[in-house]
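This report is meant for a reader who is meeting the structure for the first time. Please look over the sequence and the structure below before reading on.

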Amino acid sequence: MSTKVNGFVFYRGPSMLDGSPIIAIATGTAKGSRNAKTGGEVQTWILRDDLSPVDAVKVGADVSICGDCKHRGMNGTARSCYVTVFQAPLVVWKAAKRGLYPDVSPEAGAAILSGKVLRLGSYGDPAAVPVHVWRALVAHVEGHTGYTHQWRTSDALRDLCMASCDSAFEQELATAQGWRTFRVMAQGEALLPREISCPASKEAGAKTSCSACKACGGTSAKAKVNIAILAHGAASKVNAFNARA
Ligand code: SF4
């Protein structure tokens, strides 16, 4: 693949959540992300193939890539997800429609991603993509991070992703099911046993980036503790997904 191409399509097919057509794209393979928190991770975008992410949200078709995540809202209203779909997701979707990103097999993708840090699901829940695709992609990475709201219904991603939790109750449920967790705390809430503040969070001094930390890699990560972050500012009404951005 040309070094000028900054991404690739690694999945086109039915959503594992509802069977609708989706596309999954990796970006930042030639140059890293500029996001200070995520650092140089390669990002992945899980999108409806047949609808722009903006239209998908408007008609509720984002259920195919977000499942029952409460932060989707309802047909674009009462949406609390931090991802502004008319920004990066729309840009990436349009670029894919123009044919900017080549299709590669997960195995070829794994070679491109060798030695990099991969974020599973910068937008979209990793559970929408077949788990064998992720397993192939991470074969040679230096690390990976990922978060899923689908932890109640499947444990297939337990070794690759954190369970996104919006309360101490959810955190207890998820850990009882064998997940490592990423929890957003309200201001004033305390850390739970075996839980630490995300070292990239403001409250922990923003000491690192996800690409350096790599703690949020599910049960296969070196880190064994659970992670928490305080909801800040605009993210204060929302969840792990938001506070993580
Ligand atoms: S704890 Fe998780 S979210 Fe925080 S820097 Fe590490 S990998 Fe990123």
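Strand 8 and strand 9 (residues 226-230) pair in the parallel sense over three bridges, where two strands pair if DSSP finds at least two bridges between them, and helices (H or I, at least four residues) and strands (E, at least two) are DSSP runs numbered from the N terminus. Within this part of the chain, S197 stands opposite A228 in strand 9. This is a predicted model, in which local features need pLDDT of at least 70 and side-chain atom pairs count only at pLDDT 80 or more, while totals for chains, interfaces and linings use all residues. Residues are numbered from 1 along each chain as its sequence is written, and side-chain values use heavy atoms, with hydrogens and water left out.

The protein chain as a whole has eight helices and nine strands. Of its 245 residues, 53% count as buried, a term that means under 20% relative accessible area, with exposed over 50% and partly exposed in between (1.4 Å probe, protein chains only).

Helix 3 (residues 88-97) has P89, L90, V92, W93, A95 and A96 as its buried residues.

| Element packed against helix 3 | Residues |
|---|---|
| Strand 2 | 21-27 |
| Strand 3 | 43-48 |
| Helix 1 | 53-59 |

After helix 3 comes G99, whose phi is positive, near 80 degrees.

How is H71 placed, buried or exposed? H71 lies in the loop between helix 2 (63-66) and helix 3, and H71 is buried, with a relative accessible area of 6%. The side chains of H71 and S80 are joined by a polar contact of 2.6 Å, that is, a pair of N or O atoms within 3.5 Å, of which, within protein, one must be able to donate a hydrogen and the other to accept it, and residues adjacent in sequence count only if both atoms are side-chain atoms. H71 and C81, ten residues apart in sequence, are 4.8 Å apart in space, C-alpha to C-alpha.

Methods. Contact means heavy atoms within 4.5 Å.
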